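Let's take a look at this one together, starting with its aromatic rings and then moving on to its pocket.

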Amino acid sequence: MPSVTIDREDCISCGVCWTTCAEFFEENPEDGFSQVVEQYRTGGNPGQGEAPDDLEECVQDAADRC
């Protein structure tokens, strides 16, 4: 499982990640920034997670478009 880190301080909330891979990324309703869906977070940190193998391509595509 690849490790994922979102730089939430530099996030511009463009929505590319959560529209490209909604199974893994979502918009935080409180601040509007991207976050990892709770199911895949590590350490309770909304900006860090582990992508399962079946979502690896989707997550990489979202990262490449960011």
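Are F24 and F25 buried or exposed? Both are buried. Keep in mind that this is a predicted model.

## The aromatic rings

There are two aromatic pairs in the structure. In one of them, the ring centres of F24 and F25 sit 4.9 Å apart with the planes at 80°, so this pair is edge-to-face. In the other, F24 meets Y40: the centres are 5.5 Å apart and the planes are at 25°, so these rings are stacked. Taken together, F24, F25 and Y40 make up one aromatic cluster.

The F24 and Y40 pair links distant parts of the chain, 16 residues apart. F24 comes from the loop between α1 and β2, while Y40 comes from the loop between β3 and β4.

## How buried are they?

F24 has 0% relative accessibility, so it counts as buried. Y40 has a relative accessible area of 17%, and it is buried too because the cut-off is under 20%.

## The largest pocket

The largest pocket holds about 390 Å³, and 20 residues line it.

Which elements give two or more residues to the lining of the largest pocket? They are β1, α1 and α2. The largest share, five residues, comes from α2. By class, the lining has 13 nonpolar residues, four polar ones and three charged ones.

Note on methods. Residues are numbered from 1 along each chain as its sequence is written. This is a predicted model: local features need pLDDT of at least 70, side-chain atom pairs count only at pLDDT 80 or more; totals for chains, interfaces and linings use all residues. Side-chain values use heavy atoms; hydrogens and water are left out. On a 1 Å grid over the protein atoms alone, a cavity is a set of points where a 1.4 Å probe fits but cannot get out, and a pocket is an open set with protein on both sides within 12 Å along at least five of seven lines; lining residues have an atom within 4 Å of a point. Grid points are joined across faces, edges and corners, and a volume is the space filled by probe spheres set on the points. Helices (H or I, at least four residues) and strands (E, at least two) are DSSP runs, numbered from the N terminus. Ala, Val, Leu, Ile, Met, Phe, Trp, Tyr, Cys and Pro count as nonpolar, Asp, Glu, Lys and Arg as charged, and the others, Gly among them, as polar. Rings of Phe, Tyr and Trp (its six-membered ring) pair if their centres lie within 6.5 Å; planes under 30 degrees apart count as stacked, over 60 as edge-to-face and the rest as tilted. Buried means under 20% relative accessible area, exposed over 50%, partly exposed in between (1.4 Å probe, protein chains only).
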